[in-house]
Amino acid sequence: MSLSNVSADLIWEITRSQNSYLVKRTSGGGVQFSRDPLNLTNKHSRKYAGFVNDKAVGVVPGEKGGVVVTTKKAGSITKPSARYTRAFGANKTARKTYKAIARQVANYRPDLLKVAVARASAIRRSQRAVKPEPAQKLRGNAAKKAASA
């Protein structure tokens, strides 16, 4: 969203109270969240706002599993189709996925490294199949009665 002659700070000051990604909640003390796909924490703050920053990182679930890391190119303001770079990590183990994300984000925005890996970890955890709970073992007198019967 940034233009070459407008600073990101000015854009944030203008749009921070009203933008399409802002979610205001009256419950919970008036907490504000963000639906920005390039916002890793979904907190409404200048540091994580992807539409304001020239360099932004987004981690979303992939269609066939895994995660998709999206980065924003700083110099492609006038070319919307070339503005974003996507990297897929579908058929990798979790550890390889986290390492690849850490490598990519460390060179791009090192302040978002832990947050990006944590987001990828949460997405991978949500994609795992749920294990069935085992039947509860009988203990004490109930176990003795079941064994003798």
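Leaving aside neighbours within four places in sequence, which residues is Thr-70 in contact with? Taking contact to mean heavy atoms within 4.5 Å, the list for Thr-70 runs Leu-38, Ala-56, Val-57, Gly-58, Tyr-84, Thr-85 and Arg-86. Thr-70 itself sits in strand β4, which covers residues 67-72. Strands here are DSSP runs of E with at least two residues, while helices are runs of H or I with at least four, and both are numbered from the N terminus. With a relative accessible area of 9%, Thr-70 is buried. That label is given to anything under 20% relative accessible area, with exposed meaning over 50% and partly exposed in between (1.4 Å probe, protein chains only).

A word on the model before going further. It is a predicted one, in which local features need pLDDT of at least 70 and side-chain atom pairs count only at pLDDT 80 or more, whereas totals for chains, interfaces and linings use all residues. Residues are numbered from 1 along each chain as its sequence is written, and side-chain values use heavy atoms, with hydrogens and water left out.

Next come the charged pairs. Side chains of opposite charge can pair when their charged atoms come close. The structure holds three salt bridges, each being a side-chain nitrogen of Lys or Arg within 4 Å of a carboxyl oxygen of Asp or Glu. One of them joins Asp-9 to Arg-46, at 3.0 Å from N to O. This pair ties together distant parts of the chain, 37 residues apart: Asp-9 belongs to helix α1 (residues 8-15), and Arg-46 to the loop between β2 (32-34) and β3 (57-61). Arg-46 is partly exposed, at 24% relative accessibility.

Glu-13 and Arg-16 make another salt bridge, with their closest N and O atoms 3.9 Å apart. Glu-13 is partly exposed at 47%, and Arg-16 is partly exposed too, at 41%. Then there is Arg-109, whose side chain meets that of Asp-111 in a salt bridge of 3.1 Å, N to O. Here Arg-109 counts as buried, with 12% relative accessibility, but Asp-111 is partly exposed at 38%.

The surface also has a patch of positive charge, where Lys-92, Lys-96, Lys-99 and Arg-103 gather. To join such a patch, residues need over 30% relative accessible area and no salt bridge, with like charges joined within 9 Å and nonpolar side chains (Val, Leu, Ile, Met, Phe, Trp, Tyr) within 5 Å. Within this group, Lys-92 lies in the loop between β5 (84-89) and α3 (94-108), and is partly exposed at 38% relative accessible area.

Arg-95 is found in helix α3. At 72% relative accessibility, Arg-95 counts as exposed.

Apart from neighbours within four places in sequence, Phe-88 is in contact with Val-67 and Val-68. A separation of 31 Å lies between the C-alpha atoms of Phe-88 and Asp-9, which are 79 residues apart along the chain.

Last up is Asn-42, in the loop between β2 and β3. Its phi is near 60 degrees, a positive value in a residue other than glycine. Asn-42 is partly exposed, at 29% relative accessible area.

Technical notes:
Areas by Shrake-Rupley, 256 points an atom, 1.4 Å probe, with all protein chains shown as cover. Lys, Arg positive; Asp, Glu negative; His and termini not counted. Charge placed at Lys NZ, Arg CZ, Asp CG, Glu CD.
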